[in-house]
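Hi,

Here is the structure I promised to pass on.

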Amino acid sequence: MKVLLFAILADICLSSLVPEKEKNPQFWRRQAQETLQKALQLQQLNTNVAKNIILFLGDGMGVATVTAARILKGQLQHMKGEETVLEMDRFPFVALSKTYNTNAQVPDSAGTATAYLCGVKANEGTVGLSAAVTRSQCNTTAGNEVTSILKWAKEAGKSVGIVTTTRVNHATPSATYAHSADRDWYSDNEMPPEAIQQGCKDIAHQLFENIPDIEVIMGGGRKYMFPKNTSDVEYPNEDKCRGTRLDNRNLIDVWKEKKPTDKNAHYVWNRTELMNLDLHKVDYLLGLFEPIDLMYELNRNNETDPSLTEMVKVALKILQKNPRGFFLLVEGGRIDHGHHEGKAKQALHEAVEMDRAIGLADVMTSTQDTLTVVTADHSHVFTFGGYTPRGNSIFGLAPKQSDVDKKPFTSILYGNGPGYKTVAGERENVSWVDFAHANYQAQSAVPLRQETHGGEDVAVFAKGPMAHLLHGVHEQNYIPHVMAYAACIGENKGHCNSGAPHSLSGPLTMTSTVFSFLLITLIF
C-alpha cells in the first residue's frame, strides 16, 4: 500500500513539473515552425562591411557553463529555467572552436588569447608571441611577436577598447597589446632579473607603451601601476594591495603624459567617478577599480565597483563617437576564477552578468554594421547531472542518493578541484553543509588546490556582417581572421570596396536553385 501511495505521489509531483501549455503538442509544433521561419530568413546573408566589432570572451565558459547559466538566469526570474533564452542564444550563427595550444592538449588562457586575438596558435603561458617562443625565456622573444585585431583596428583608424573583470594586464586583455614570454609578468616585480637585463618589459608597461592611444581601458590591476609599497587609494592599510613596481614609475602618470593636449583623458578608480563623467567630453578613459581583479558580481559593492554591464555601456558611448567605427574586447574573466575555486555559484552568476552585458550591447548597436562574437577561451571540468527534475535548483541536490555510499550529492560536480572532502574516510555528506552558499565548493573526484581547465571544444556565437563565416568546427585562431575580413582591416582586404557589401551575390534565386537541382539530377 505504501509503495502504491508513493508511486501515485511521485506521478503527481512529476506531472506538476510540466507547464500546462507544454502538455499540448501544438505548443512545440508552433515553436518549431517559428524557429524554422527564422532559419529560412538567414539564407539572406548579411555581407555588409562591419564598421564595428565586439568580442565577448567568457573566460572558462564551456558549453556546460552556458547551459547552467541559462537555467540560473531563468530561475533568477522565478521560472523553471531550462526554457530560458540567453542573449547569446539569440545569435543566429553558432560554431565550435578547438582550443588546444600548440604545446598543450588542455590549454591555458594566454595561448588561447593569442589564438582568438592574434590569429596564431601559441604555446601555453605566452601572450602575443608565436609558438617559436619558450615560456619564461625572454631571449626567445625577439622577432616572434604577433599583433592583434585590436592593433589592426587601430591602424585602420578605428577606436578601440578593453573591458574586463580581471586585471587589465591579465592573460586575455594582455594579448591585445603585449608580447610577453610569460603571462605572469604583470609588473617588473614578477619578472626574473635576467629577463629584465635581456630587455623584456612587463605587461603593465607594455599596456601604455605598445599601443598608447587605446581609447578605453577598464578593469582591475591598480597595484601593478604604482611604485613598490605605494598605498592603495581604496585599501591603504592592506599590504597585498600596495604598489609592486621596482622601476619607481607611476604608470597612471605615464598614461596621461602620452595623451594629446587637445584631448580629454580621464582616470577613475571607483564607480561614482565613472558614472559622473560627461562622456561627451571624454576622449580617453582609464578605469582601474581594484588593486588586482574586480570583485565577483555576487560580492560587488554597488557603490564603489561598476558592473560589467555598466562598464560596457560607458565604453560603447565613448567608442561610438568615432565615425570610422570601433573594436571592443569585453571579458567576463571571473567565470574562470569561480570554477578554479570550485565555486560554481560565483562562476555562473558571472556568466549571467556577461549575458546581461551582451543584451545591452545588442540594444546599443545594429546588426547591419556591427559584428558581435561571443565565445570562450577554454572549458572547465564542470558538469551537472544526476537526472534532476525540471525546475530543480541548478545548485540543488540530485533526486536520488548514491547507490554506492548512500549519501546525497549535488547536481553540480567537478572532475577535480578543492571540493574533494572526506569525513572519517568517506565522502562528505552534503546534507550537512550549505551547498547553496555563494562560496560553497562543489564536490570533486580528484583533490587539487585549484580545479583545472577542460579540453573540449567551446561554442562560438556570432551575429552581424559576415557572421555566417563562423560555422562548423574551427581552429580557434580562425576567429580574428573572420572579424578582420568582415571589417576590412588587417592583411586580408582584397575583397573590400570602400564600404560597399563584400559581394554582389545575395541569396540564391528560385531559378538558380531549380537549375542546380536539375544539374545534380542529370549528373547523378
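A residue is called buried here when its relative accessible area is under 20%. Keep in mind that this is a predicted model.

By that cut-off, the buried residues of helix α11 are Leu308, Thr309, Met311, Val312, Val314, Ala315, Leu316, Ile318 and Leu319. That makes 9 of the 12 residues, so α11 is largely enclosed by the rest of the structure. The helix covers residues 308-319 and reaches 16 Å from its first C-alpha to its last, close to the 16 Å expected.

Now the cysteines. Searching the whole structure turns up 2 disulfides.

One is formed by cysteine 138 and cysteine 200, with their sulfur atoms 2.0 Å apart. This pair links distant parts of the chain, 62 residues apart: cysteine 138 sits in the loop between α4 and α5, and cysteine 200 in the loop between α7 and α8. Both of these cysteines are buried. The torsion about their S-S bond is about 100°, so this disulfide is right-handed.

The other joins cysteine 488 to cysteine 496, also with an S to S distance of 2.0 Å. Here the torsion is about -105°, so the disulfide is left-handed. Cysteine 488 is buried at 17% relative accessible area, while cysteine 496, at 26%, counts as partly exposed.

What about cysteine 118? Its closest cysteine sulfur is in cysteine 200, 16 Å away, which is too far for a bond. Cysteine 118 counts as buried at 4% relative accessibility, and cysteine 241 counts as buried at 6%.

Cheers

Terms used. Residues numbered from 1 in each chain as written. Predicted model: local features only at pLDDT ≥ 70, side-chain atom pairs only at ≥ 80, totals over all residues. Heavy atoms only, no water. Helix = DSSP H or I, 4+ residues; strand = E, 2+ residues; numbered from the N terminus. Expected span 1.5 Å × (residues − 1). Buried < 20%, exposed > 50% of the residue type's maximum accessible area, 1.4 Å probe, protein only. Disulfide = S-S within 2.5 Å.
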